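Hello,

Here is the structure for you to look over. My notes follow it.

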Amino acid sequence: MLMPLLSLPSRRLFPLITLLAALCATACGSDYKVVKIKQYRLALTQGDAAFKSTFESLINDFNTAAGSTVLTFENDAAKANCSIAVIKDLVKQNADGLGTGKVGLGQWVTQSKQDNPVVIVPGEKPTETILYSMNVQFDQDYLKNGTKYDLQKLFYHEVGHGLELDHNEANEKDVMYPDVGVGETKDFDSYFKYVKSYMAS
Ligand SMILES: [Zn+2]
């Protein structure tokens with residue numbers, strides 16, 4: 001029964017092979033062993049080096065509240081997988097573009113690496129490795145002038161985006177409320193409950 005198929009001219013066979021490969025990639029996806037690597041090594045890649053100690057301190061506060069080493073500060077940017085940028089006129093840039101009053105930006109990034117899905121190792125599923133990282137940005141003047149608590153609120157908020165959180169506009173006390181709220185207290189407890197469950201997932 002294979003003969004008619006194999007005897008097809010190659011230009012007709014090629015789309016069929018492509019289709020079968022696509023179907024297999026879809027159908028076989030659930031048979032992959034997924035390994036999630038959430039190791040956030042942050043380096044100051046843009047801005048005044050004097051802010052390094054500020055971020056070391058904020059990362060230390062974050063890890064203490066999270067109860068484990070979620071973030072590490074990396075002095076050598078070549079060894080980091082996450083970036084921190086301190087930008088002089090972030091507020092001004094946002095006033096022109098993304099909206100007024102923004103003092104920080106955060107985003108999460110994933111990179112999926114499929115490990116030789118074509119090669120079958122007897123008794124083993126192909127492994128899909130997902131590498132997690134984040135990039136965060138802060139306004140220089142806000143960092144200089146904010147209190148320790150103001151900086152914690154902002155840093156936790158942007159790292160929250162780095163851990164896949166969206167804004168929560170329903171609760172002003174939420175760390176992920178869009179406005180950082182100078183002088184207001186935020187609900188750090190529920191935020192760090194999320195961080196713990198995210199890291200365990
Ligand atoms: Zn935000």
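Helices (H or I, at least four residues) and strands (E, at least two) are DSSP runs, numbered from the N terminus. Residues are numbered from 1 along each chain as its sequence is written. This is a predicted model: local features need pLDDT of at least 70, side-chain atom pairs count only at pLDDT 80 or more, and totals for chains, interfaces and linings use all residues.

Overall fold. The protein chain has seven helices and six strands. Their order along the sequence is α-α-β-β-α-β-β-α-β-β-α-α-α.

N135. This residue sits in strand β6 (residues 127–139). N135 is partly exposed because it has 18 C-beta neighbours inside 10 Å. (Buried means 20 or more other C-beta atoms within 10 Å of a residue's own, exposed 12 or fewer, partly exposed in between; C-beta atoms are placed from the backbone.) Leaving out residues up to four places away in sequence, N135 touches C82, S83, Q107 and V109. Contact here means C-beta atoms, placed from the backbone, within 7 Å. L105 is 30 residues from N135 along the chain, with 8.4 Å between their C-alpha atoms.

Helix pair. The axes of α3 (residues 52–66) and α6 (residues 148–162) come within 10 Å and cross at roughly 75°. Axes are lines fitted to C-alpha atoms over the stretch in contact, with angles from 0 to 180 degrees between N-to-C directions. The two helices, α3 and α6, are therefore roughly perpendicular (65 to 115 degrees). From α3, T54, L58, D61 and F62 meet L151, Q152, F155, Y156 and V159 of α6.

Best wishes

Definitions and conventions
Contact = placed C-beta atoms within 7 Å. Parallel < 35°, antiparallel > 145°, perpendicular 65-115°, else oblique.
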